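Trainee: Please show me the model. I want to know what stands behind the labels.

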Amino acid sequence: MCAEVLGITTAQVSGVATFYTMYKRRPAGKQHVGVCTTALCAVMGGDILLERAKEFLGIDEGQTTPTARSRSSDSSATRPATSPP
């Protein structure tokens, strides 16, 4: 449908939708928990923070809690490289 409205191919729509992390292809939770895990963020504890968030929520990256309240993800592209997790 989007491809038809925009006059582009479905592959082009898919390419954009999968490139940008804020576009969701499935229903997301009411709250989004994103943690940076780039190399700098990992040094600052980002990967540990993501693991703890996943344990606390009882879900893995990209999953939504059964109540559809929260969703977790690696948000490595959402902050400048100088920002901690």
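Mentor: Ground rules. This is a predicted model, where local features need pLDDT of at least 70, side-chain atom pairs count only at pLDDT 80 or more, and totals for chains, interfaces and linings use all residues. Residues are numbered from 1 along each chain as its sequence is written, and side-chain values use heavy atoms, without hydrogens and water.

Trainee: What makes K54 and E51 a salt bridge?

Mentor: The rule asks for a side-chain nitrogen of Lys or Arg within 4 Å of a carboxyl oxygen of Asp or Glu. The closest N and O atoms of K54 and E51 are 3.0 Å apart, so the pair meets the rule. Both sit in helix α4 (residues 46–57), 3 residues apart, which means about one helical turn between them.

Trainee: Which residues form one network?

Mentor: K54 also forms a salt bridge with D60, with closest N and O atoms 3.1 Å apart. Shared partners join E51, K54 and D60 into one network.

Trainee: Why is K54 called buried?

Mentor: Buried means under 20% relative accessible area, exposed over 50%, partly exposed in between (1.4 Å probe, protein chains only). K54 has 12%, so K54 is buried. E51 at 39% is partly exposed. D60 at 41% is partly exposed too.

Trainee: Where is confidence lowest, and where highest?

Mentor: On pLDDT (the predictor's confidence in each residue, from 0 to 100), strand β2 (residues 70–74) is lowest at a mean of 62, and helix α1 (residues 2–6) highest at 90. Over residues 77–81 the pLDDT is below 50. Where pLDDT is low, predicted coordinates should not be read in detail.

Conventions. Helix = DSSP H or I, 4+ residues; strand = E, 2+ residues; numbered from the N terminus. Contact = heavy atoms within 4.5 Å.
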